Amino acid sequence: MLRLERRPQPSRTWVWAAPVLAVVLTMLAGGVLFAALGKDPVAAIRLIFWDPLFSQQFAAFSRPQLLVKAAPLILIAIGLAIGFRANIWNIGAEGQYIIGALCAAAVALAFFPAGPVDARFLGLEFTMDSAPSRWWLFPLMIAAGAAGGFVWAMIPAILKTRFNTNEILVSLLLVYVAEKLLAAAALGWLRNPEGAGFPGSRNLSRFPEAANLELIPNTGMHWGVVAAIIAVIFGYILLHRHMLGFQVQLAGQAPRAARFAGVAPARLVIFCLGLSGLMAGMAGMFEVTGPARMITIDFNAGYGFVAIIVAFLGRLHPVGIVLAGFLMALTYIGGELAQFTLGLPSAAIQVFQGMLLFFLLALDMLSNYRIRLTAREVTP
Amino acid sequence: MSMPLLAIEGLTKTYPGVIANQDVSFAIGEGEIHALLGENGAGKSTLVKAIYGLIRPDAGRMLWRGAPYAPAAPHEARATGVAMVFQHFSLFDAMDVAENVALGMDSPPPIRQLAANIAQVSTDYGLPLDPHRLVGDLSAGERQRVEIIRCLLQNPQLLIMDEPTSVLTPQEVEILFQTLRKLRGEGRSILYISHKLDEIRALCETATILRRGKLVASCDPRQSSARDLAEMMVGTALQPPERAGRAEGAVLLQVEGLNLRAPSAFGTSLKDVSFAVQAGEILGIGGVAGNGQDELLAALSGEMRARNGAITLEGRPLGRAGPNTRRALGLLCAPEERLGHAAAPDMSLTENALMTGAQREGLVRGGFIDWTRARGFAEQVIRRFDVRTPGPDVTARALSGGNLQKFVIGREIMQRPRVLVVNQPTWGVDAAAAAAIRQALMDLAQNGAAVVVISQDLDELLAVADRFCALNAGRLSAPRAVAGLSMEQVGLMLGGAGDMEVAADNAAETLAQARSGVVHAEA
Amino acid sequence: MIASMDLSSINPVVLAAALMVAATPILLAAIGELVVEKAGVLNLGVEGMMITGAVTGFAFAVATGNPYLGMLAAVAGGAGLALIFALLTQYLMANQVATGLALTLFGLGFSALLGQGYSGVSPPRTPRMDFGPLADIPVLGPILFRHDPLVYVSLIIVAAVWWFLRYSRAGRILRAVGENHDAAHALGYRVRLVRVAAIAFGGACAGLGGAYLSLIRVPQWTEGMTAGAGWIALALVVFAAWRPWRALLGAYLFGGIVTLQLTLQAAGWRIPVEYLAMAPYLVTIVVLVIMSSGRARRTLSAPGSLGRPFHAAG
């Protein structure tokens, strides 16, 4: 009979081997799934994991996309991971991401040059004759995005500290509220006045001071990537060098010991939820001003949820999260390729991502437990 | 000699890396109270689990009235006639007594009828218990009664009791012993597990002594001295803790009218707790578990806040200060629960050293952790307190109870506290480690610190403390000098009657004064 | 739907009848989760199990032309997904919160994949119960006696769960396992087996709740159609303080709010639809706050081992 025996120390090998094995198993299971859908499994896996990076045909377009997709995932996942380590479960990052984007877009549109200027932005001869350069607008928008996400995350944080309300449920329910707000904005107060009644805001990429443009052409490198890099470094230092990070982990592993060590649980809740909300809000800001270009009804693409997978797959460790973020970005991009070329349904990629998390959680056991074959013992 | 009720022959059980029982043989007669004696880790629990069908031995056999007996599960053991009262009760706080009893039976009658049975048995055996009360509201002694009644309703031939008196006051122990003697009178057998020698000598006619999984001796405890039994159990002659006499010091910690509401539904509120500890003194706080010990420690450590003036350290009010402010000023604590409270199980010893040593040892600068120094501090604790571990990178969970306790207490002592408060410093710790910990606490007091020891182990308190007081239902009795304190007085204090006795003393005194007044008048 | 033009034309009888229909899916999901939590397990995957039930139920009902076979398939689908949760959390010791989230993410994707080609399809109609003359009682008739069978099934399940937990021996064991799994283990009860059974029951109920949405309430299949109903069901368990009849009360209160909100939308209130549509989520949050702040009461009723992993040592 198989028995699980707890290891005295978590196995270092398995901590990192488990996610790799989980990816391999997901590819196998995904292959079976694709075959069941009537697609060539080998071709599909190749299209998802190989072609976006190395095929002559797609790589030129896909490689920059990797940074574009990975940056928000990593940025959000770093914030979530810090909270998860403290056993504070912000699963409403999607909502904070939406609110961040809305706030940033609102600031941008508030400063949108008056009058019918759209056409002039297209021409190279355009000069802002009257107004001085508004270099402060983009930083202001970043601040607005971060503040939006922060405030949205403060709702579950304050309710938890004041009323002992479950932050999982509140943060999640607020995603739906945020989605409705997004719809209301796209249809109402942020709607493009020149959009002929179509839902959605003005196109922010036509507004250089408010646009998150590619910093280096054809690399996908934009300000969101810079923010993600800073977040990774920040997360690493916080978790491994700073007392606050130590307290976060202590609170997650042994809450009573944390209180004994002087950690104030309420402050930690505020910190963890606030930080993850802030990062998710910033991710939303960089997305709406960059790749998405404008507020639309379905502007959010589920990054806030997929970032949860990224955080776990990356072992809640900043370096791991970078790797996991790229892998998940790859499944997005590869999934789109497979959709165009093989007609693979987009939902199949969602299933694929869900399976990855299942396999990871299942294999996680190997780092904390040893499997032993024993004679049957009475353990009722 | 007639056939024994249960004969155990050559029983062996090994776990990876540990031999829990090796070739153990003994027999329990009918109508006998049989003691199973041994230190923590001697293999008593494993042996008992085998008898109760919770584990299967690797080798050896058991005979029940001469017939082979190999229970594969507890219900088979129960069907044979074996019942067990666990050391840690298998009770459910949010359910009532009757439901709890029903859960321990294989085919319980309907609840209403069961409640009547419980009332019947509880009066028959002198164990009063209301079947409709919520178990979470019961005292430790009453909770044990639930367990015993649960067993008695199955009409067992062999009742196993695992350390039954560890949670009882001396008076409650006496009630329990009467019940057990009554059961013996009915021809039932009892396997009584304990490491308390006086109890065994008072109650049992046969004793089987285990040490490191092996049978050391079988004897009649009434014929052996407590000292002989202790040496058989431990293997070496034990040294009682030593200390020189002590001078009166200044009051370091003063607690005055401390009131605290229980943090949870089944916790205990502290009511008007007052005491003072001097430099160089050890104050022992006794009491049965669940009478406010955890709450008192939390109030002193700063995990729970009180009125600011309720706690003063060297004249400085601290009741509202957090744990780290108190640490910085020299009030240090070591809670009872090692894993999860005093230490984080899955963190390394270095991280656990950092946990409370960050400030006083200067392990953090500007918020950034100096891992080299933290590791150095952990290594110092390991070295000075003889913590047996491969090194400071090992997780706390991997240490034995005694070693982790030495680490936890050592971590605080190494920080040179002005006042140290410890809760159950030697609970579940082997004798050698317990002796080392007690010695360290006494040395600390010797060097001018004030020490508060909260413990359920009266022998321990009477051995190390200068003054003794008792916690009962969240109230603390007035402290008394340990010298000259009788066990009976201690028992009364634990039962909450200490103050009444003091009142009686006072009354007697006033009476005496009145009389002498009369004498004077007559003169 | 209700097509009244102004507030005065809102018919309270129609409203009350619609309330029962609106409440039934979350009631089913909540009563299942209540049993799971009573056994000491927190399964956050209710949303995923619901939507899986919604799509499997829909697909089977369309394929067989029989709504009841569809409901059975939904029960199997929800329970099947729940068993993955049980395997991961009870046998592979995975974190319950993370696994629950995984279940939801997977369920949403899986249902979208299965549901392809079903949008715009009409499912076979589920006939209403025929209570004969009872249905003609004024006021009470239309409110209580003109529903589909599942409304009554959900009430029977609530009653059965109440009886089971309160009076049956198995229910007592289940509560014991949820209250203190170490003690239950020491008494010889099979903690994991009890929990797996509870988890499967919870999944079956959530699946049935999902099928109610796709086969009766809407009735149609759209991606993500549960729209947070699973999460609201989780909140409902907290509201109910782990008591079945309070779950019923909570579900019907909630159904009332949803129905009122929809009625106001239809009545052409001057508030944009999006804001009205936030109401159920906001109300749920408010209720959570009210229920959670009564600290002592909550600690008394929450199962003692809720969410804690169980590993039998030695």
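Where is the place of B:Glu163 in chain B? B:Glu163 sits in the loop between strand E7 (158–162) and helix H6 (170–185) of chain B. Keep in mind that this is a predicted model.

Why look at this residue? Start with its backbone. B:Glu163 has a positive phi of about 45°, although it is not a glycine. Most residues other than glycine have a negative phi. Now look at the surroundings. B:Glu163 has 18 C-beta neighbours inside 10 Å. A residue needs 20 or more to count as buried, and 12 or fewer to count as exposed. B:Glu163 therefore counts as partly exposed.

Chain B holds another such case. B:Arg65 has a positive phi of about 50°, and it is not a glycine either. Find B:Arg65 in the loop between strand E4 (59–64) and strand E5 (67–68) of chain B. Around B:Arg65 there are 15 other C-beta atoms within 10 Å, so this residue is partly exposed.

Chain B is divided into domain 1 (6–234) and domain 2 (251–485). The C-alpha centres of these two domains of chain B lie 33 Å apart. Where the domains meet, 12 residues of domain 1 of chain B are in contact with nine residues of domain 2 of chain B. What kinds of residue does the domain 1 side of chain B use there? That side divides into four nonpolar, six polar and two charged residues.

Next comes the meeting of the two chains. Here 32 residues of chain B are in contact with 19 residues of chain A. Three elements of chain B give two or more residues to the side that touches chain A: helix H10 (323–329), helix H11 (349–357) and strand E18 (368–369). Which of them gives the most to this side of chain B? H11(B) does, with three residues. By type, the side of chain B that touches chain A divides into 19 nonpolar, nine polar and four charged residues.

Finish with chain A. Its secondary structure comes to 15 helices and two strands. The radius of gyration of chain A is 23 Å, close to the 21 Å that the globule rule gives for 380 residues, so chain A is as compact as a globular protein of that length. Along its principal axes, the C-alpha trace of chain A spans about 85 × 55 × 35 Å. Buried residues make up 53% of the 380 residues in chain A. Contacts also reach along the sequence. Among contacts in chain A between residues at least 6 apart in sequence, 81% join residues at least 24 apart.

Methods: Residues are numbered from 1 along each chain as its sequence is written. Chains are lettered from A and ligands numbered from 1 in the order in which they are written. This is a predicted model: local features need pLDDT of at least 70, side-chain atom pairs count only at pLDDT 80 or more; totals for chains, interfaces and linings use all residues. Domain bounds come from an automatic or database domain assignment. Two residues are in contact if their C-beta atoms, placed from the backbone, lie within 7 Å. Ala, Val, Leu, Ile, Met, Phe, Trp, Tyr, Cys and Pro count as nonpolar, Asp, Glu, Lys and Arg as charged, and the others, Gly among them, as polar. Helices (H or I, at least four residues) and strands (E, at least two) are DSSP runs, numbered from the N terminus. The radius of gyration is taken over C-alpha atoms; the globule rule is 2.2 Å times the number of residues to the power 0.38.
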